[in-house]
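Trainee: Hey, can you walk me through this one? I'd like to start with charged side chains and then look at the rings.

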Amino acid sequence: MSALFANTYFWQILGTLLLVWLLFRFNVFQKVGNGLDKRAERISAELEEARRLRAEAEALLLEYERKRERAESEATEIVNAAREEAERISKEAEARLTDFIARRTASAESKIAQAEEQAMIEVRDAAIASAVKASETVLRGSVQGPLGDDLIKQGLQDTRRTLS
């Protein structure tokens, strides 16, 4: 038997069997199994929590996508409304400018017509005054005395009536 105790293979087997027996005796395998089961449960719970969080994140992402689309839609509507308002204001301004120009043109034409009429009156008055003066000079030179004065007055009145 001494050869048996000298064999290292024997001692290795004996140590392994003793270790396995001790491990069974003190429920080490069961404790390790329970620890692994608890760890598996914890990992499973964490995975379930991760799935739940992922689902919430996806729902939140969809909600934000919808909000972004709505915001883009509203922004587009606002831009379109602003464009329409700008076009309307531009058309109104153009209409007001056209109206203003028409009024100013009419006013200028009216002033020009008045100025022409006034110039005509002034020219006519100047022509009358010149004709009267010329008539008076001619008549004074040809007729003298009270008869001449009466004829001059009569001629001036006739000339004024004719030219007016």
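Trainee: What do the side chains of Arg-51 and Glu-48 form?

Mentor: They meet in a salt bridge, 3.3 Å from N to O. Keep in mind that this is a predicted model.

Trainee: How many residues apart are Arg-51 and Glu-48 in helix H3?

Mentor: They're 3 residues apart in helix H3, which covers residues 28-142, so about one helical turn separates them.

Trainee: Is Arg-51 buried or exposed?

Mentor: Arg-51 counts as exposed because its relative accessibility is 51%, and the cut-off for exposed is over 50%. Glu-48 has 47%, so it is partly exposed.

Trainee: How many salt bridges does the structure hold?

Mentor: It holds 10. One of them joins Glu-49 and Arg-52 at 2.2 Å, N to O. Those two also lie in helix H3, 3 residues apart.

Trainee: Which residues are linked in a network of salt bridges?

Mentor: Glu-49, Arg-52 and Glu-56 are linked that way.

Trainee: Okay, switching to rings. How many aromatic pairs are there?

Mentor: The count is 2. In one, the ring centres of Phe-10 and Trp-11 are 5.3 Å apart.

Trainee: Why is that pair of Phe-10 and Trp-11 called edge-to-face?

Mentor: Because their planes sit at 70°, and over 60 degrees counts as edge-to-face.

Trainee: And what about Phe-24 and Phe-29?

Mentor: Their pair is tilted, with 5.0 Å between the centres and 55° between the planes. Phe-24 counts as exposed at 54% relative accessibility, while Phe-29 is partly exposed at 41%.

Note on methods: Residues are numbered from 1 along each chain as its sequence is written. This is a predicted model: local features need pLDDT of at least 70, side-chain atom pairs count only at pLDDT 80 or more; totals for chains, interfaces and linings use all residues. Side-chain values use heavy atoms; hydrogens and water are left out. Rings of Phe, Tyr and Trp (its six-membered ring) pair if their centres lie within 6.5 Å; planes under 30 degrees apart count as stacked, over 60 as edge-to-face and the rest as tilted. Buried means under 20% relative accessible area, exposed over 50%, partly exposed in between (1.4 Å probe, protein chains only). A salt bridge is a side-chain nitrogen of Lys or Arg within 4 Å of a carboxyl oxygen of Asp or Glu. Helices (H or I, at least four residues) and strands (E, at least two) are DSSP runs, numbered from the N terminus.
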